[in-house]
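I opened this notebook to record what I looked up in one model.

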Amino acid sequence: QVQLVESGGGLVQPGGSLRLSCAASGITFSSYAMRWYRQAPGQQRELVASITSGGSTTYADSVKGRDTISRDNAKNLVYLQMNSLKPEDTAVYYCNAHRSVFGVTRDYWGQGTQVTVSS
């Protein structure tokens, strides 16, 4: 059974930092691209950052220079370090594991963790 469990969310003041973690089980973690999405109330879910199985990273323009995604394949963990947080970063953050091989796509999701940026 595949499980993705996020942690590390919470309430932080503008300008602060948080580190989100996502623990994966039930998949061959190293073969999956890992992604962080977020969804604010009334908004569509958006891709924040992704890291391939090989370690290449991409970021949404809105977080570029502030967020860093990383992974630890030995521990089946992916992280999102968020710095200089802004109120518009407030959202539920979701971890996603993605793999597409020979036309077969697998996507798994965590339950989400709330991040609130407010003074």
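The entries below follow the order of those topics.

**Basis.** I worked from a predicted model, in which local features need pLDDT of at least 70, side-chain atom pairs count only at pLDDT 80 or more, and totals for chains, interfaces and linings use all residues. Residues are numbered from 1 along each chain as its sequence is written, and side-chain values use heavy atoms, with hydrogens and water left out.

I took strands as DSSP runs of E, at least two residues long, numbered from the N terminus.

I then listed the contacts (heavy atoms within 4.5 Å) of Met-82. Leaving aside neighbours within four places in sequence, Met-82 touches Gly-16, Ser-17, Leu-18, Leu-20, Arg-66, Asp-67, Tyr-93 and Val-115.

**Disulfide.** I searched the whole structure for disulfides (cysteine sulfur atoms within 2.5 Å) and found 1. Cys-22 and Cys-95 form it, with their sulfur atoms 2.1 Å apart. The pair links distant parts of the chain, Cys-22 lying in strand S3 and Cys-95 in strand S9, 73 residues apart. The torsion about their S-S bond is about -80°, so the disulfide is left-handed. Both Cys-22 and Cys-95 are buried.

**Salt bridges.** I counted 4 salt bridges, each a side-chain nitrogen of Lys or Arg within 4 Å of a carboxyl oxygen of Asp or Glu. Arg-38 and Asp-89 meet in one of them at 2.9 Å, N to O. This pair joins strand S4 to the loop between S8 and S9, across 51 residues. Arg-38 counts as buried because its relative accessibility is 6%, and Asp-89 does so at 2%.

Arg-66 also forms a salt bridge with Asp-89, the closest N and O atoms being 2.8 Å apart. Arg-66 sits in the loop between strand S6 (57-59) and strand S7 (67-72), 23 residues from Asp-89. Arg-66 is buried as well. Through shared partners, salt bridges join Arg-38, Glu-46, Arg-66 and Asp-89 into one network.

Lys-64 and Asp-61 form a further salt bridge at 3.1 Å, N to O. Asp-61 is exposed, with a relative accessible area of 68%.

How values were computed: Helix = DSSP H or I, 4+ residues; strand = E, 2+ residues; numbered from the N terminus. Buried < 20%, exposed > 50% of the residue type's maximum accessible area, 1.4 Å probe, protein only.
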